[in-house]
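I am opening my notebook on this structure. The plan is to look up the ligands and then some of the residues around them.

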Amino acid sequence: MLATASTVVVRRLPTRLRWTTRLASSTPPKFNSVTKEDIAHFSKILPPTSILTTLEPASASPSELEIFNNDWIGRFKGQSTTVLKPKTTEQVSQILKWCNERYIAVVPQGGNTGLVGGSVPLHDELVLSLANMNKVRSFDPVAGILVADAGCILQSLTDYVAPHNHIMPVDLGAKGSCQIGGNVSTNAGGLRLLRYGSLHGTVLGVEVVLPDGTILDQLTTLRKDNTGYDLKQLFIGAEGTLGVVTAVSILTPPAPQASNNVILALPSFNNVQPLFRQVKHHLSEILSAFEFIDRTAYDLAVKHGQGRALESDEVEGAECFVLVETSGGRREHDEEKLSDLLEDLLSAEQPLINTGVLAQNPAQFSSLWALREGVTEAVSKEGKAYKYDISIPLASFQEVVDGTRERLRQKGLLHDKAVKHVLGYGHVGDGNLHLNIVADAFLPEIQDALEPYIYEVVQSLRGSVSAEHGIGAMKTHALPYSKDKASIDLMYKIKKVFDPKGIMNPGKVLE
Ligand code: FAD
Ligand code: 2HG
Ligand code: ZN
């Protein structure tokens, strides 16, 4: 455990471990740029409306390609000339086969909401957008198993299963734009993981096109299947480096009959852990989320109009906030449990919370969630964000946030013209802290102050440098802080098996 915020104990990674494991990548393959001849070939596979290219005769302007070339946080920018939008798995197969033969690098792109620079080209790779593959293939209302094209937007799938009284097992702030194929490819965690577990458990099957055009049909709808190696798991979280996911089979849980939420204002971060214990004890099986935002995150969300601001007396003296959600089978029963919890919390001799605001209706329920889900949006409105998505012991959350802030202060970087805010929020129930550093601009001196410092802290806590957002292009150099050499070597070998020419999303996950 860390001593104090400013005296974080770190164990330096031996140099030997740092930049090893380039096994397969010491001579990066030379990729070809897309040419007019390639476009002529793609025109035999796709209708003209599915080909966006700035190559003459252009079908799109450079500005039309901007959204495909720029990542969500405005940190990575590619120069792709061509975006293809296939509608069928067969088309994806023919495109990849051609690209593989021609040594053209390919970036699969879903909703482009990824936060680690994985979804955009780094040079002029071809962008393969899944946006036109957006049909539900089947839904079994008895088993609750949904089979959908990879390009289906998460929110549209939520809307699709809702009339059948089911919900998606994954939910996140980007649900209006992200796609199920992108969710699976990043192994997105999100707001429901505490209750429904990770996609490694809820995804039952995938259909994937391999770089040589082979269609790998692993799209089963079986709950149990122990026939050898579970290959689909490799594609969950592969970030487009092994193949293109074209369809997903996923288990959707029954919709809870009743959902409630409450936001709790805490005088000190130290109370979060005992509060979590007490909340689990009281709510047991109906607890479905336990989300944390610190005061800076709360203030930014309110400043940028995300969700419902609490009354001033409700936030007075609050160092942080916790959003608790319950999802259960009987409204009266759940409400009673939640009220008992609040009563106990508030009547304690030394209360863990200052106050709690209980949503009274669906609008208030959504508004409390918007406050939590809206932090990322608020941060992006406030400035440029350095994002660290780490798994560390809950007890260290605040020390890591404070320690980072203190380090930036000591380096003279904590002022209006450099770093404006250091904030922490995230999924306490999953041990996942989102540490965001908001600056006026991305500056090398800020980057140098943050890295490898943060990764060394994470390593000293035996944590993970990426809890849920992935590695993308942003964290390839940081892998050795969480994975040993033997594991990374194996990852390179696996990559070689699936993608011997290395055309799939080069420069992502592995260097
Ligand atoms: P993209 O961003 O397009 O792609 C992400 C990666 O997957 C890239 O490497 C891409 O090449 C690859 N990929 C995409 N589609 C395919 C495919 N069909 N086949 C193969 N590879 C593919 N993430 C969380 O885990 N939890 C959160 O709570 C969360 N909240 C967010 C809130 C906001 C406001 C934003 C902007 C992002 C959030 N994210 C969160 C990150 C992001 O939304 C998720 O990683 C999401 O799963 C990405 O889906 P996407 O369709 O946008 O994928
Ligand atoms: C969340 O939990 C997302 O809100 C985004 O994972 C976190 O923007 C971030 O750092
Ligand atoms: Zn998150």
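**Entry 1: ligand 2**

I began with ligand 2 and found one of its oxygen atoms 2.9 Å from an N or O atom in the side chain of Y425. I noted that I am working on a predicted model. E468 also reaches ligand 2, with a polar side-chain atom 2.9 Å from an oxygen atom of the ligand. For H469, I read 2.7 Å between an N or O atom of the side chain and an oxygen atom of ligand 2.

How much of the accessible area of ligand 2 does the protein cover? On its own ligand 2 has 290 Å² of accessible area, and the protein covers 88% of it. I then looked for the elements that give two or more residues to the shell, and these are β15 (419-427) and β16 (432-439).

I wrote down the whole shell of ligand 2: L115, R372, T376, K387, Y425, H427, H434, N436, E468 and H469. By class I have 2 nonpolar, 5 polar and 3 charged residues there.

**Entry 2: the zinc ion**

Which residues coordinate the zinc ion (ligand 3)? I found H427 through NE2, H434 through NE2 and E468 through OE, at 1.9 to 2.1 Å. Along the sequence, these donor residues follow the spacing H-x6-H-x33-E. H427 belongs to strand β15, while E468 sits in the loop between α18 (453-460) and α19 (485-498), so this pair ties together parts that are 41 residues apart in sequence.

Are H427 and E468 buried or exposed? I list H427 as buried because its relative accessibility is 3%, and the cut-off for buried is under 20%. E468 has 11% relative accessibility, so I list E468 as buried too.

**Entry 3: N436**

From the shell of ligand 2 I picked N436, which lies in strand β16. Its relative accessibility is 1%, so N436 counts as buried. Its side chain and that of Y425 are joined by a polar contact of 3.2 Å. Y425 is the residue whose side chain I had already placed 2.9 Å from an oxygen atom of ligand 2.

I then listed the contacts of N436, leaving aside neighbours within four places in sequence: V379, Y386, K387, H421, V422, L423 and Y425. I also looked up N436 and I390, which are 46 residues apart along the chain, and their C-alpha atoms are separated by 11 Å.

**Entry 4: R372**

R372 is another residue of the ligand 2 shell, and I found it in helix α14 (residues 362-373). At 6% relative accessibility, R372 goes down as buried because the value is under 20%. Which side chain is joined to that of R372 by a polar contact of 2.8 Å? It is the side chain of E291.

Beyond four places in sequence, R372 is in contact with L191, E291, F292, I293, L323, Y425, G426, H427 and H434. Among these contacts are H427 and H434, both of which I had down as zinc donors.

**Entry 5: ligand 1**

I turned to ligand 1, which has 36 residues around it. Those that come nearest are P108, G110, G111, T113 and G114. A backbone N or O atom of N112 lies 2.8 Å from an oxygen atom of ligand 1. The side chain of N183 has an N or O atom 2.9 Å from an oxygen atom of the ligand. E468 turns up here again, with a polar side-chain atom 3.2 Å from a nitrogen atom of ligand 1. Taken alone, ligand 1 exposes 970 Å², and the protein buries 97% of that.

Which element gives the most residues to the shell around ligand 1? I found that α6 does, with 5 residues. The elements that each supply at least two residues are β3 (106-109), α6 (180-186) and β9 (244-251). By class, I have 11 nonpolar, 23 polar and 2 charged residues in this shell.

**Entry 6: N187**

Last, I looked up N187, which lies in the loop between α6 and α7 (193-196). A polar contact of 3.4 Å joins its side chain to that of H200. Leaving aside neighbours within four places in sequence, I have N187 in contact with S198, L199, H200, I236, G237 and E468.

Methods
Residues are numbered from 1 along each chain as its sequence is written. Chains are lettered from A and ligands numbered from 1 in the order in which they are written. This is a predicted model: local features need pLDDT of at least 70, side-chain atom pairs count only at pLDDT 80 or more; totals for chains, interfaces and linings use all residues. Side-chain values use heavy atoms; hydrogens and water are left out. A residue is near a molecule or strand if one of its heavy atoms lies within 4 Å of it. A polar contact is a pair of N or O atoms within 3.5 Å; within protein, one must be able to donate a hydrogen and the other to accept it, and residues adjacent in sequence count only if both atoms are side-chain atoms. Accessible areas come from the Shrake-Rupley method with a 1.4 Å probe; for residues, only the protein chains shown count as cover. Helices (H or I, at least four residues) and strands (E, at least two) are DSSP runs, numbered from the N terminus. Ala, Val, Leu, Ile, Met, Phe, Trp, Tyr, Cys and Pro count as nonpolar, Asp, Glu, Lys and Arg as charged, and the others, Gly among them, as polar. Donors are N, O and S atoms within 2.8 Å of the metal (3.2 Å for Na, K and Ca); water is not among the atoms, so sites may look incomplete. Buried means under 20% relative accessible area, exposed over 50%, partly exposed in between (1.4 Å probe, protein chains only). Contact means heavy atoms within 4.5 Å.
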